[in-house]
Amino acid sequence: MSTNSLLESLEKNAPRHLEELIQWLRIPSVSSDSTHKDDVIEAATWLADKFRGAGLAVEILPTEGHPMVLAETPPVDGAPVVVVYGHYDVQPVEPLDQWITGPFEPTVRQGNLYARGATDDKGQVLTHVQSVCDALAEGRPLPIQIKFLIEGEEEVGSENLERMLPDLAERMACDCVVISDSGQYSDGQPAITYGLRGIATYELKIDGPSQDLHSGSFGGAVMNPAIALSHVLSSIVDSNGRIQLPGYYDDVVELSDQERKAWQALPIDEAAFAKSIGVDELFGESGFTADERRWARPTFDVNGITAGHQGEGVKTIIPATASAKFSFRLVPNQDPKKVTASLETHLAQHMPPGVRYTLTPDHGAPGMLADTQSRFMAAANHAIEAAFGKKPVLIREGGSIPIVTRFQEVLQCDCLLLGWGLSDDNAHSPNEKFRIADYHRGIRASALLWDELGKLKSAP
């Protein structure tokens, strides 16, 4: 089948591609919520059935948590081997009352498909599934071998995959890993992501009195845990956006002049960017652009705070406890374990007297950089330009995909981060969406990528 015939076939199948995504999005595969355990399994089974229907060799691999779906096409002598990685688990949906339509009731509005997981990551990973399954269904031999590794725990840190990856290394041996779990640079400007930030997440609990106290009878005599929490959180970052942990910036690799020049040439309107996310103005570390801050500078963010009375009306108490969940986004070369040690030192120095505290680290992962000069990067450039009608730009991404660095270490392979989403897709937020045109363009780019990679020889 010629390239033109392939693209015509994908166009013909576009309605089915959309309906299948809608089917998958209806499954509430929230990996962090134990009440959705059966739903997560259902989502894995749906994907496995899709692969089996196209003739791939498939296995649902159990883990200590949620299962992984492994599938592969036949080997091709002399051609590269590619692993497609993605995840079928999704984030929680709260606050539910901010969704215009139900998070698991996929709805089309103004050319977008709204549902939890639409862009992160069911919609994006399904672009690769569709391109492979369509080719096989139409009797078109693939020019390379493609292995799929789709997990159900990315949104909770990928700990089981990270632990099991060395045992899977021979089975997943490849020349390149392809991941679509990021975004375009802007509407109409596709991109290839060559760097990701790492992450370190924590929960801090502060205990004060043995029970809630009357704020009139006891106020002024004891330290309020909510005030203590506010004090210590604000001590972590200053008014210029600089993080105050000891030694926090020691391992930060500064941006090169070449990178800064290339990024500053990108067509960003910071005022329009601020408006698009509903803020009056942007804020961050002084001396850097918005792109530099969100792609290549380390950050600190409070993700949630709990303290005292949360119901209707006033309840004048000193709460017995207060807690916060927060995260650091790390840049390549920063070590999450060193950040934890630095954080513990900082808390010991800045915690107000009269309270006790417990710091619980959650998951952490380093950042990563890909080789921008690799032959796989060149192939992706050609495929994306042909599918989107515009040459992609090279960017970094502020988010974290914890397993990517482990792929580089264990599989000794290149990585291609090819995102089809947009910055306003509301990943992790209410009203998550995926533009339907970009879903179809992603399928075309995926199909063209396999052809471009098929022109390369396998590694010796």
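The model is predicted: local features need pLDDT of at least 70, side-chain atom pairs count only at pLDDT 80 or more, and totals for chains, interfaces and linings use all residues. Residues are numbered from 1 along each chain as its sequence is written, and side-chain values use heavy atoms, with hydrogens and water left out. Helices (H or I, at least four residues) and strands (E, at least two) are DSSP runs, numbered from the N terminus.

**Strand 8 and its partners**

- Strand 8 runs parallel to strand 16 (residues 393-397), with 5 bridges between them.
- Strand 17 (residues 414-418) runs antiparallel to strand 8 and is joined to it by 2 bridges.
- I192 has L394 as its bridge partner in strand 16, and I192 also stands opposite L418 in strand 17.

**The sheet 4-5-18**

- Strands of a sheet pair through backbone hydrogen bonds, either parallel or antiparallel.
- Here 3 strands, in the order 4-5-18, form an open sheet with antiparallel pairing.
- Strand 4 (107-109) and strand 18 (433-435) are the edge strands, each pairing on one side only.
- On average, neighbouring strands of this sheet are turned by 25° against each other, direction ignored.
- Strand 5 (residues 112-114) pairs with strand 18 over 3 bridges, and N112 has R435 as its bridge partner in strand 18.
- Helix 14 lies across strand 4, strand 5 and strand 18, at about 65° to strand 18.

**Helix 12 against helix 14**

- Helix 12 (residues 375-388) and helix 14 (residues 436-454) pack at about 140°, with their axes 8 Å apart; axes are lines fitted to C-alpha atoms, for helices over the stretch in contact, and angles run from 0 to 180 degrees between N-to-C directions.
- The two helices are therefore oblique to each other, a class left over once angles under 35 degrees count as roughly parallel, over 145 as roughly antiparallel and 65 to 115 as roughly perpendicular.
- The contact (heavy atoms within 4.5 Å) includes F376, I384 and F388 of helix 12, and R441, L448 and E452 of helix 14.
- The contact residues divide into 12 nonpolar, 2 polar and 4 charged; Ala, Val, Leu, Ile, Met, Phe, Trp, Tyr, Cys and Pro count as nonpolar, Asp, Glu, Lys and Arg as charged, and the others, Gly among them, as polar.

How values were computed. Two strands pair if DSSP finds at least two bridges between them.
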